Amino acid sequence: YYVKISSTHSSGSVTSTVYDDIGGLVGNMISSTLSRSYSSAAVVAQNSGGGPGGLVGYSTGTTNLDNCYFAGIATGSRGGGLIAGAATQCDTITITNSYVSGKVILGDESSDPLLGFFNTDRSNGVICSSPVNMTLAGVHFDQQTTGLSQSKWGGSGHPTAAMKLASTYAGWDLASIWTVPPDSYPTLRLP
């Protein structure tokens, strides 16, 4: 609960065989913040009821992701490149200056390069003004590597060549947080 996670990363593989969502860095985030972090892991949800999130499995309450990216592979029946899903349609998710370049191999219509799905049956009777209060600023995804041309939540999809140009990331802090090497995706600078 109410945790701030910063300057971390994961690689290798994360696999779940149970009916639950998994993430490349965090399983469940409850009103927490993840910043300046990334995953290049293979995230595999083998149970059809679970979903992979490149960074986060399940989001509850108010979740913030800033200056993060996913460059691995997310495989399962449903999920997303950054977050597999939100606990209820009343949750709030804010994603800032982040991107997805990883492959997203998912099997149903809730699959998305950013956020996979939200549950409509766990709001405890609360009527929400809109499905998941999602705010995106400076969020990008590679249409070619993810295999997805658009996100239902917004964000900017680009071909791989554009994802490797510094000009794509207008408004990002390319002096102290990010660097964009020639012909490469952005990488995080050490804090």
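Predicted model: local features only at pLDDT ≥ 70, side-chain atom pairs only at ≥ 80, totals over all residues.
I went for the nonpolar core first: the largest one has 24 residues, and L55, V56, L65, L82, I83 and I95 have the most contacts inside it. (Such a core is a set of buried Ala, Val, Leu, Ile, Met, Phe, Trp, Tyr and Cys residues joined through side-chain atoms within 4.5 Å; buried means under 20% relative accessible area, exposed over 50%, partly exposed in between, with a 1.4 Å probe and protein chains only.) At least two residues of this core come from each of β5 (26-30), β10 (62-70), β12 (83-86), β13 (92-100) and β16 (133-142). Strands here are DSSP runs of E, at least two residues, numbered from the N terminus.

Residues are numbered from 1 along each chain as its sequence is written, and side-chain values use heavy atoms, with hydrogens and water left out.

Next I looked up β10. It pairs with β6 (residues 33-39) in the parallel sense over six bridges, and S35 stands opposite D66 there. β10 also pairs with β13, again parallel, over seven bridges, with N64 and T94 as bridge partners. Pairing takes at least two DSSP bridges between two strands.

Then S10, in strand β2 (residues 9-10). Is S10 buried or exposed? I put it down as buried, because its relative accessibility is 14%. Its side chain has a polar atom 2.7 Å from the backbone oxygen of G24.

Notes: Helix = DSSP H or I, 4+ residues; strand = E, 2+ residues; numbered from the N terminus. Polar contact = N/O pair within 3.5 Å; in protein donor to acceptor, adjacent residues only side chain to side chain.
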